[in-house]
Amino acid sequence: MSETPAPAPAPAVRGRRWMLYAPLGLATAAGAGFLVMLRGLQTGDYNPRGVPSALLGRAPPDFSLPPLDASDLPGLSAADLRAPLPSPVVVNFWASWCVPCIVEHPQLMRLSRDGVPVFGINYKDRPADAAGFLTRYGNPFRRLGRDEPGRIAIDWGVYGVPETYLIDRQGLIRWRYAGPMTPEILDQDLRPLLRRYA
Amino acid sequence: MIPELGHFALALACIIAIVQSVLPVVGAARGDARWMATAAPLAVGMLLAMGAAFGSLLWAFAVNDTTVMNVVANSHSAKPLIYKLSGSWGNHEGSMVLWVLILALCGAAVAGFGRDLPTALKARVIGVLGWIAAGFLLFIIFTSNPFERVWPPPPDGQGLNPVLQDPGLAMHPPTLYVGYVGYAVTFAFAVAALLEGRVDAAWGRWVRPWALGAWCFLTVGITMGSWWAYYELGWGGYWFWDPVENASLLPWLAGTALLHSSIVVEKRDTLKVWSVLLAILAFTMSLLGTFLVRSGVLNSVHAFASDPGRGVFILALLMIYVAGALALFAWRAPRLAPTGIFAPISREGALVVNNLLICSIAAVVLAGTLWPLFADILTGAKISVGPPFFNAATAPLAIPLVVAMPIGAMMPWKRGDLWAALQRLWWAAASAMLIGFLCLALAGYPVWPALGMAMAAWLVMGAAADVADRIGLFRRPSQAWRRALGLPRAAWGAAIAHGALGISIAGIAGMGVATDTLVQLAAGQSTRLAGYEWRMDGLSDEIGANYRARRATVTVLRDGKVVTVLHPERRSFIVDNQTTSEAAIHTNAMRDLYAVLGEERDGAAVLRLHHNPFAPWIWFGGLAMALGGMLSLSDRRMRVAAPAPKGATVPA
């Protein structure tokens, strides 16, 4: 597997035979490493795409956010994310001023149509703009909290919007994706996890 | 019906491959001529079966048969026919079928062209190719059936990634696959030699054309990929050190080393253990690329849709072939004792230097590519190894390599004279220094691009000096022409390939002084970049075959005269609602003017404009390198196993 110059170009064969085993040893070690990665992909311990969150495997920090009045949706607080939950929950940080959020929006709508509870946290946004965004592109959220000062996003360690978290039925954060979810991310990463934690 | 026939053909090919992996090898071990003789017909039979399978797949895509899952997922009736067909290998399942088809083609070529091969060696080589084909066919049949049906059929397919709808990219994967699979043949030769316990000059002569052919295709494939990234991704770069790009570079580096070391095996009957190891490593790197791209262990724009189950299967195959071959290597390599003698200052000595440097570069690239993955599982740390590491780590190795190249090419076999070689290169060295100085002092280049230009000049002039020396241009000018015609094509090929690398390096150095700017221009406004005036004339809407486009008209002027009119576009594909940006490029062979259209804001368009001096040279050099390889491949001594002239040892 590796390109070590271990076996010298013209090896003095006797006495250095162990060097001939070096490539085999390296290849085996690398193979074992790849196996661990593949296992990790299945269990979610290893994810080459996601930026890891310090909160993985933990409950989200305590918070309580007011609703967006124009939307008729209930607000969001940490209590809504506490165990036991009937099914895993997707929490999405978004803003009306964020262009990637528009790119991501159809994926959230698909999740919502499939019956997955999607909770939104509207980040540093004006209420009128946020409501306009939902009227224009559709509303995928069951609950929506307004984080106008952006405090809660700091507690969660949000890099920027959009950012998406998966919370399992025990109320623990299982997955975080920074950036717009593409259809591929939705199908290859999020959906398998939703099935696993269902 | 046709998809079922295709599926059946795959199963048939798999059975043929299993028989092919047993009969000839057992026959060779027992010395049974009749069993060994089954190798060639089996190889041809497998080619026919794989041809039928791939033909069925192409047919399903051509008629847009929506009862086939693969077509639904990757095609659409609104796509032009060429992209329907290229869609058949633009996905995981289809590309695996193409991969095995090429492998079958190589097996049949060994059977067909290998008439002069010793029967036992040929039987073993075809047998080993059978092992590889059988493994990958089992993989296709059990985890990646391209003919999976879907019922009821959806009305139409779900399109193909619009970024992939491009003529360059339609041909990019097949070219790369021919390169990767070509190293399967050199791998088979290495394993066969280990089974036989013998590597001699004849072995080197047999491996070399395959190593060279695979190298040519890989060179073209990498060049095309780099060019595609340049004009399609719209970032204005040509190489991003993306893990998947590195995965294609690694077999290229190992193959380049093999190419040179097999010459030493052929001419001097030494470096045998090393060459066998390189042949194994070149194919290992090809398989590693396949694994990295398809298993989902890394994050890349190139990665296929992947599931870990497939990854485990590929990993198992990879470990069987690689670990098996390396175990065989560790066990049998001590038998391959060198017989030739070795002087450090000689062509073979220079080729060893070449091998060490190229392999060190490969080791650096490999380490940089895999380290983030392994750091993640070992320490849990997320790190990314980017261009700064690769540039800084490969440059100190690439510079001595480039410096040594013309000198090594000037060295005679057995015992060389370093001083004599340097004397014949003095004017190449002088012109390289002059060019470096001119770039630095007059053109105002920074140090690295100026050094790159000097290196480029050194390689081109060095190659010219080599040819001039061989044809006696200065010693006997009257006979030079006749001698030039008589010079073996392999010598021409080597000189062209070495010089072509210089051309590529000049292009890369030119990109080091490229300039770009991000501007927001309303219609009628203009900006200046690199001595050109770029005037935004307006935006318009265009309708394409299966997309809508927003198109900007940018007129580029120099001293008031129109140089060119660029039309960068942003395309929205109707089927899957994706957008791509089409860069507009104007080239005059010395520089590229490159424009990308971004978002529109307040009636003005955001434009990214680039001035890339010498950029086209990068790809021209790559193609010329492959051309040199092909020329060398067409040398008569390569095609038939004629005894090599002067200096060759008689095969044992």
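Me: Is Asp559(B) buried or exposed?

Reply: Exposed: this is a predicted model, and in it Asp559(B) has 8 other C-beta atoms within 10 Å. The cut-off for exposed is 12 or fewer, so Asp559(B) falls on that side.

Me: Where is Asp559(B) found, then?

Reply: In chain B, in the loop that links strand E4 (547-558) to strand E5 (561-566).

Me: What's its phi near?

Reply: Phi of Asp559(B) is near 50 degrees, which is positive even though the residue is not a glycine. Most residues other than glycine have a negative phi.

Me: And Trp241(B), what is phi near there?

Reply: Near 55 degrees, again a positive value in a residue other than glycine. Trp241(B) sits in the loop between helix H9 (201-232) and H10 of chain B.

Me: Why does Trp241(B) count as partly exposed?

Reply: Because it has 19 C-beta neighbours inside 10 Å. Buried would take 20 or more, and exposed 12 or fewer.

Me: OK, on to H10. At what angle do the axes of H10 and H11 of chain B cross?

Reply: At roughly 165 degrees, and the axes come within 8 Å. H10 covers residues 243-268 of chain B, and H11 covers residues 272-295. That crossing angle makes H10(B) roughly antiparallel to H11(B).

Me: Left-handed or right-handed crossing?

Reply: Left-handed, as H10(B) passes H11(B).

Me: What residue classes make up that contact?

Reply: The contact of H10(B) with H11(B) has 18 nonpolar residues, 7 polar ones and 1 charged.

Me: How many residues of H6(B) are buried?

Reply: 18 of the 22, so H6(B) is largely enclosed by the rest of the structure.

Me: What about contacts in chain A between residues at least 6 apart in sequence?

Reply: Of those, 73% join residues at least 24 apart.

How values were computed:
Residues numbered from 1 in each chain as written. Chains lettered and ligands numbered in written order. Predicted model: local features only at pLDDT ≥ 70, side-chain atom pairs only at ≥ 80, totals over all residues. Axes fitted to C-alpha atoms, helices over the stretch in contact; angles between N-to-C directions. Helix = DSSP H or I, 4+ residues; strand = E, 2+ residues; numbered from the N terminus. Parallel < 35°, antiparallel > 145°, perpendicular 65-115°, else oblique. Left-handed = near helix turned anticlockwise from the far one by under 90°. Nonpolar A, V, L, I, M, F, W, Y, C, P; charged D, E, K, R; others polar. Contact = placed C-beta atoms within 7 Å.
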